[in-house]
Every structure is written in C-alpha cells, then in structure tokens.
Amino acid sequence: MAGLLDVIVGYDCNLACDYCTITPAMRASALTSAQVVTALRQGRADGYDALSLTGGEPTIRRDLLGLVRAARSLGYGDIKLQSNGLLLSSGNVERLHAAGVGRFHISIHTHRVERYDTLVRRSDSHAAMVAGLDAVLAAGHPLVVDVILKEDTYRDLPQALAWLQTRGVVAVDLWFVSLTDGNARNLGSMPRMTEVVPTMRQAFAYAREHGMRLRSLHVPRCLLGDDHPHAHDPGAARVRVVTPDASFDLAHSRLTGQRHVAACEGCRFQERCPGARDDYLDRYGDAEIAAARGLPPTGHGTAGRSLPIRS
C-alpha cells in the first residue's frame, strides 16, 4: 500500500519562531544519518513510496543531499523538502533537485518584513526567505507555501495571498497555531477560530478568483461553512511520521484533530472530519462547534465530555 513517510530529521533550526512547538531541550535531538537511512529502508519495505524531509530545519544538515540521494536510490519516487527557505538560494535548489527532491514546501509565516523578523527572532532574515522562495519559483519546481494563522498574523492573510500570487505562488496551506510543547504557555498566540474564519473567507474567495489552491489544515469543516471544500486532512492518508523520539501515524499526532465533541454527533462531516485538537478545546471549549451545529455547548475542555478518538 502506497503512503508518505514523513521524516523529522532533527529538531534544530536556524530560526526560533515565537510560536514554535519545539522546546530548547528538543533542539538537541536529531536522527543520525544511519538512523534516517534505516527508517527509509523500513519505509520502503512497508510500502511507502513518497517521502517528506522536515525538521526543525533540514537544510542546516550537512548530510541532506546524501540522504536525498539515498531515498531516491531506495525507490522513493516523490521526495518533498519542508523548509523555511533561508538556505535555498545560491544554487541550493538545483543541487537538491539534482539529488532527487521533486517538491518544496516553504513556510513564510507572514509576508510582512517587520513582523517576519520579529516572529522568527532573527533580524534581516526576511530577505533570505524571499530569496529562497523566488529561487524555487524561478526553477519551476512544484511548491506549496505554508502560512501560520495566529493572533498577530491572521488579519493579514488576504494581503499575504496577494503578495504570494504576484510572485507566482499557486498553492498555499494554512496552519492554525498550536498550544503544545514549546508554545503551550503562549495562550495569547491562539485566537478563536470564529474570529479567524471571516478573514479566511476573504482569502478563499481571492484564491478561487485567482486560480490558487488554498487549503485549511486544522479548522473543522463545520466552522468553515460554505468554504468547507477547502478543508484538508493530511492524516486521512497513509502517513507515517518518524521523529528522533518515536514513530507514529500522522492521524495520531497532537498537531492534528483528534476529538469529536458531543455536538459532532449527526454532523454530515463527522466521518470525514478528524475533529478538533485537544489544545484548542482546552483553550476555548466546544462552544463554537456547538453553535455551528445549533446545539448548546458542553464546556468541553473544563467540565465537558468528548467523544473517543476515531479509529
């Protein structure tokens, strides 16, 4: 059975984003080259034919090209690199492509210069991100741009899409901020989804008008209303995540939806929707989901109840 092997080669990074879930202690954890190759071999033996290399930031590893070549030699036909883009200029895109990378995902976080540098906690880094983004676009390789939706970025989403579209980006994924691990105490970074959805609605309309593919990865379909076709659940596919600490199916990741609350009963999306993340329900409860279904909230996250995780 085909599937995607998602390998987090290490947690270290050349940025320190203010919403990152990776703790300082986690940054010291990484897979060795031999461990990555072992995971690649096991993945092929188990039928996985696509690969994603991510982190942390994978481009800071000196063995990255060798790992990509190893993956290609083992038969991975679709190799994706997830990066912040800072090291993708100066010919690195073509080196990676020659080694076997066929697709790129670049996290831009926000398109605004001053907000980007503050968010990633590294001055004068926006220009390097843009240079990497433009290098992938100039090379013509398949590209998806990731944008984070958090309290100080979501209002700029329509402008960010316009900025990306004028550069030639045609595919964007929206990530809703998570309150786990390194970002667990940063409660102010997470807005209510119902506060963000009106801005997302503008962005979806812009994307449709300009022929862009825009996907939402974490907002339940019931909250998106008529825009629910833009919802995307990567965990619905066969995806194995390999980290320096453990291996698991993406559907069981804390960064994906895990819970159907009481209001989800009878929803037309229930069989397709993974539900809401626990970190969100612990922050805001189930009132928004209940309201979308025309039902009273249970107070999930404090005294309410939730339904079991889907199998």
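Predicted model: local features only at pLDDT ≥ 70, side-chain atom pairs only at ≥ 80, totals over all residues.
A polar contact is a pair of N or O atoms within 3.5 Å; within protein, one atom must be able to donate a hydrogen and the other to accept it. The side chain of glutamine 82 makes a polar contact with the side chain of aspartate 146, at 2.7 Å.

Glutamine 82 sits in strand S3, which spans residues 78–83. Is glutamine 82 buried or exposed? Its relative accessibility is 14%, so glutamine 82 counts as buried. Beyond its neighbours within four places in sequence, glutamine 82 is in contact with Leu53, Thr54, Pro58, His105, Ile106, Ser107 and Asp146.

Next comes helix H6, residues 157–167. Six residues are named as buried there: Leu157, Pro158, Ala160, Leu161, Trp163 and Leu164. The spacing has a simple background. An α-helix has 3.6 residues a turn, so residues three or four places apart point the same way. What covers the buried residues of H6? The cover includes four strands, S4 (103–109), S5 (143–149), S6 (171–176) and S7 (213–216). It also includes helices H5 (126–139) and H7 (193–209). After H6 comes glycine 168, with a positive phi near 110 degrees.

Now the empty space. Rolling a probe the size of a water molecule over the atoms shows where such space is left. The structure holds three cavities of 30 Å³ or more.

A disulfide is a covalent bond between the sulfur atoms of two cysteines. How many disulfides does a search of the whole structure find? The search finds zero. Cysteine 264 counts as buried, at 11% relative accessibility. Cysteine 17 tells a like story. Its sulfur is 6.1 Å from the closest cysteine sulfur, in cysteine 13, and that is too far for a bond. Cysteine 17 is buried, with a relative accessible area of 13%.

Definitions and conventions: Residues numbered from 1 in each chain as written. Heavy atoms only, no water. Buried < 20%, exposed > 50% of the residue type's maximum accessible area, 1.4 Å probe, protein only. Helix = DSSP H or I, 4+ residues; strand = E, 2+ residues; numbered from the N terminus. Contact = heavy atoms within 4.5 Å. 1 Å grid on protein atoms, 1.4 Å probe; cavity = no way out; pocket = protein on both sides within 12 Å on 5 of 7 lines; lining within 4 Å. Points joined across faces, edges and corners; volume = space filled by probe spheres on them. Disulfide = S-S within 2.5 Å.
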